[in-house]
Amino acid sequence: MWQRERKPVVGIFGFSGCAGDQLAVIHMEDELVDFFTSADIKFFHMAQSHQEVDHVDVAVIEGSINTDKQLAELKEIREKADIVVALGTCATHGGIQYLGDNQKEFEERIAHVYGKDGKVPQFSELVGNAQPAEPIHKFIEVDYSIPGCPVAKENFIPIYTKLISGLKPTKYPYPVCVECKFQGNDCFLLHGKYCLGPVTAGGCDACCPTFGVSCVGCFGTYEGANYPSMIAKLVEIGLTEEDAKRKLRMFGGEAVELALRSD
Ligand code: SF4
Ligand code: SF4
Ligand code: SF4
């Protein structure tokens, strides 16, 4: 851990995703001056041209791992970082690119897009050889996770501030439904409309149901999620079992895959 006499050294790294989480950080307009002055930002792919990384106190990593080159870079970052934070649902759960049966359908998809040999010759030197998308915790130890697609600054700032202050952040120990109740919302499920709040990690203040839109699960899976019950409820309100699973898979990543496999 850094000494109090110096600023903490931070790196913001990005792998496969839409870069929306790095953008969310840059869009923290009211807090941006504090963000760039409270820490020594050594690496921020989207915001800085001068980039060097030797050692970082805190590495914030966006995106899933989709190539062997990314995997090597990820391991290198872990070696240089005291604390690693997964930023956004691609990094925490695999994200949209984890859709479907990740391992089983991977070769089929690659062959469909790039031809039967499964190589991506025009890009392979630059980005490496493709492999099935995985969240970063599959390969390295992750100290903290901030899900969201993209993350909200209301989630990022408290955790980030604690980390650069040498304190330990706390996790959200409840699903979106708890925050939905705090907001006093009427429940979609009780009116026969789908909503994935019961199986989705809290932290967004149930912003979608509060504005009249069903939760699609973008904060990733809630650790205590009961998938069989969620699927049964979705089927009860009129979805096919296949559609219910497809909705769960959109942001659920590996946790949903494992749960569905053990059905
Ligand atoms: S989690 Fe969402 S916002 Fe973040 S990189 Fe992935 S797709 Fe983009
Ligand atoms: S509307 Fe959705 S998030 Fe809100 S309580 Fe119902 S299921 Fe949960
Ligand atoms: S309510 Fe659901 S879909 Fe909306 S931001 Fe929260 S987790 Fe994401």
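This is a predicted model: local features need pLDDT of at least 70, side-chain atom pairs count only at pLDDT 80 or more; totals for chains, interfaces and linings use all residues.
Modeller: Local features here need pLDDT of at least 70 and side-chain atom pairs count only at pLDDT 80 or more, while totals for chains, interfaces and linings use all residues. Residues are numbered from 1 along each chain as its sequence is written, chains are lettered from A and ligands numbered from 1 in written order, and side-chain values use heavy atoms, leaving out hydrogens and water.

Biologist: What makes β5 and β7 a pair?

Modeller: Two strands pair if DSSP finds at least two bridges between them. Strand β5 (residues 81-87) and β7 have three bridges, in the parallel sense, so they meet that definition. In one of these strands, β7, Ser145 is the bridge partner of Ala86.

Biologist: Why are β2 and β7 called edges?

Modeller: The open, parallel sheet has five strands in the order β2-β1-β3-β5-β7. Because β2 (40-44) and β7 (144-146) each have a single partner strand, one side of each is left without a neighbour in the sheet.

Biologist: Which strands does helix α3 lie across?

Modeller: Helix α3 (residues 68-80) lies across β1 (9-14), β3 (56-62) and β5. Contact means heavy atoms within 4.5 Å. Helix α3 runs at about 130° to β5, with angles taken from 0 to 180 degrees between N-to-C directions of axes fitted to C-alpha atoms, for helices over the stretch in contact.

Methods. Helices (H or I, at least four residues) and strands (E, at least two) are DSSP runs, numbered from the N terminus.
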